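Student: I am new to this structure. Please take one part, look at it closely, and lead me on from there.

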Amino acid sequence: MHLAQAIEREIRNAEIRKAKVKAEDQIYHLAYYDGLTNLPNRNLFSDKASAMLARLAESDAIAALYLVNLDRLPYINSTYGSGVGDRLIQQFSHRLSAYSNENCWLTRIEGCKFAFFNANVTDEESVQEFASQVIKLVIPPVTIDSLVFYLRLSIGICVYPAGGDSISKLLANAESTLSHTRYLWKNTCTYYTKEIEEAAVKRSVLETSLRTAIEKNELLLHYQPTVDLQSGALSGVEALVRWNHSEFGLLLPEKFIPLAQETGLIIDLGRWVLRQACRQAGLWHQAGYGSLSISVNISAIEFDQSQLISSISHVLAETGISPELLELEISESTLMRDAETSTQILQALKDMNVKIAMDNFGTGYSSLRYLKHFPIDILKIDRSLTHDIIIDPDSSEIIAAIIAMAKNLDLLVLATGIETKEQFDFLHHLRCDRAQGFLFSRPMIAQDMLHLLAQRKTGTLA
Ligand code: C2E
Ligand code: MG
């Protein structure tokens, strides 16, 4: 072979070797780094943290795992598009990177979750100090194009070795702690404790059994009447779901509705409630109480699903109840996530002639500005507002203003949580239309409701 040919072949081989190394680097990068933020991914993080834990096991040093969640990202993605969401994640990860160093690694675990494995900490105080520094990172708002975002984060903290002796255990416990923190709805952190672990175990038992609760006939409805405040007549009934759990007994919605929402099981559960409530209302109508309305609570996830309309039409057709007698209760916070989209969905529901109530009105999201745009029929004032109307002049003024405004907008006002005669008199005086609360009746089973309806023929509830 000529020398020139040999040289050429050698050059070609070198190029192939170089390309191979480059490809290997790229494959390595893909396997161990996150494409959006360029941070190490969970695989690299777990490998490095496991190696560090093996070293720590030989001493009595501690380390802390911080699982950091950028809250409200699904909302931002659905409102402004995932492009904006991605840029927000990039800016957030850039801010977090300021605290990453050779003994404190940062990773993007998935979606809006990041983690720090911090081996710099020495005691409880330094663990807390680091969390406080991270929380401060979200104080300055983030600007994307001309949009300004105030970020909110939640942190779940798990300390080695008390909170787990392997990275998978620490991550799982930090995850349970984080889901606890996220319900607090503010920039805050929570530490892993045995109670949180027990709650997580119970949650997973509940989740497994919730999957089969409908088939096993474990769900049931209680009904709570609403009363016409001026005539004292019973105007309608709200269906409230309960779960007769084989191990934990009768559970109220607060124990399983959030779980049903997180797991998506709320769709099947909601369909079951709607069908069951309408069937029951049909029976009451046949028994001679033909004008009784039935209210059903619709969660945010149900409200978002495209089959909501068809599922309601289906149930109305199947049970034969008149659409005007079905009231859908949608909370103020659900409607205010994205007021424009909500208006469109509400309009589609209104076109079916069903009635719509804005539930839990006054619980934080000031929807006053939107009230006249939302095609709703009823305003349900939350019981947190009616609670203090007798003792607190501010509360009573607020309620008076809400009632006056609702009347202006031609909305029916329903005050909830009425427990005393004083509250009743006050609302009656303000000419509030309807009320609901323990003063009139607690939620009850269908059979007891029939007795109540029969009594009503000879008297009123108030
Ligand atoms: P909500 O729609 O605001 O329902 C009213 C809640 O207030 C009921 O609690 C009822 O028992 C309680 N309540 C009524 N009057 C009074 C009173 O005078 N004083 C006090 N302290 N409480 C009163 P419950 O049944 O535990 O339901 C809680 C929440 O769970 C409901 O709040 C609703 O948001 C949700 N929920 C209930 N059933 C369903 C359902 O079928 N689907 C969905 N998505 N959510 C449901
Ligand atoms: Mg309700």
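**A close look, residue by residue**

Tutor: Start with Cys 189. Apart from neighbours within four places in sequence, Cys 189 is in contact with Gln 128, Ala 131, Ile 135, Ile 155, Ile 157 and Thr 181. Contact means heavy atoms within 4.5 Å.

A word on the source. This is a predicted model, in which local features need pLDDT of at least 70 and side-chain atom pairs count only at pLDDT 80 or more, while totals for chains, interfaces and linings use all residues. Residues are numbered from 1 along each chain as its sequence is written, chains are lettered from A and ligands numbered from 1 in the order in which they are written, and side-chain values use heavy atoms, with hydrogens and water left out.

Back to Cys 189. This residue sits in strand S7, residues 188–191. Helices (H or I, at least four residues) and strands (E, at least two) are DSSP runs, numbered from the N terminus. Cys 189 counts as buried because its relative accessible area is 15%. The cut-offs are these: buried is under 20% relative accessible area, exposed is over 50%, and partly exposed is in between, with a 1.4 Å probe and protein chains only. Asn 41 is 148 residues away from Cys 189 in sequence, and their C-alpha atoms are 23 Å apart.

Now the loop between strand S6 (153–160) and helix H6 (167–182). Pro 161 is found there. A cis peptide bond joins Tyr 160 to Pro 161, with omega at about 5°.

Next, the magnesium ion, ligand 2. Its protein donors are Glu 238 (OE), Asn 297 (OD1), Glu 329 (OE) and Asp 359 (OD), at 2.0 to 2.3 Å. Donors are N, O and S atoms within 2.8 Å of the metal (3.2 Å for Na, K and Ca); water is not among the atoms, so sites may look incomplete. The sequence spacing of the donor residues is E-x58-N-x31-E-x29-D. Asn 297 belongs to strand S11 (residues 293–298) and Glu 329 to strand S12 (residues 326–331), so this pair ties together parts 32 residues apart in sequence. Glu 329 is buried, at 2% relative accessible area. Asn 297 is partly exposed, at 30%.

A polar side-chain atom of Glu 238 lies 3.1 Å from an oxygen atom of ligand 1. Glu 302 places a polar side-chain atom 3.5 Å from a nitrogen atom of the ligand. Phe 438 uses its backbone: an N or O atom there lies 2.8 Å from a ligand oxygen atom. A polar contact is a pair of N or O atoms within 3.5 Å; within protein, one must be able to donate a hydrogen and the other to accept it, and residues adjacent in sequence count only if both atoms are side-chain atoms.

How much of ligand 1 does the protein cover? The protein covers 81% of the 800 Å² of accessible area that the ligand has on its own. Such areas come from the Shrake-Rupley method with a 1.4 Å probe; for residues, only the protein chains shown count as cover.

Asn 360 is partly exposed, at 28% relative accessible area. Asn 353 lies in the loop between H13 and S13, and has a positive phi near 75°.

Finish at helix H13, residues 339–350, where Ala 348 is found. Ala 348 is partly exposed, at 31%. Ile 309, in helix H11, is in contact with Ala 348, Leu 349 and Met 352, leaving aside neighbours within four places in sequence.
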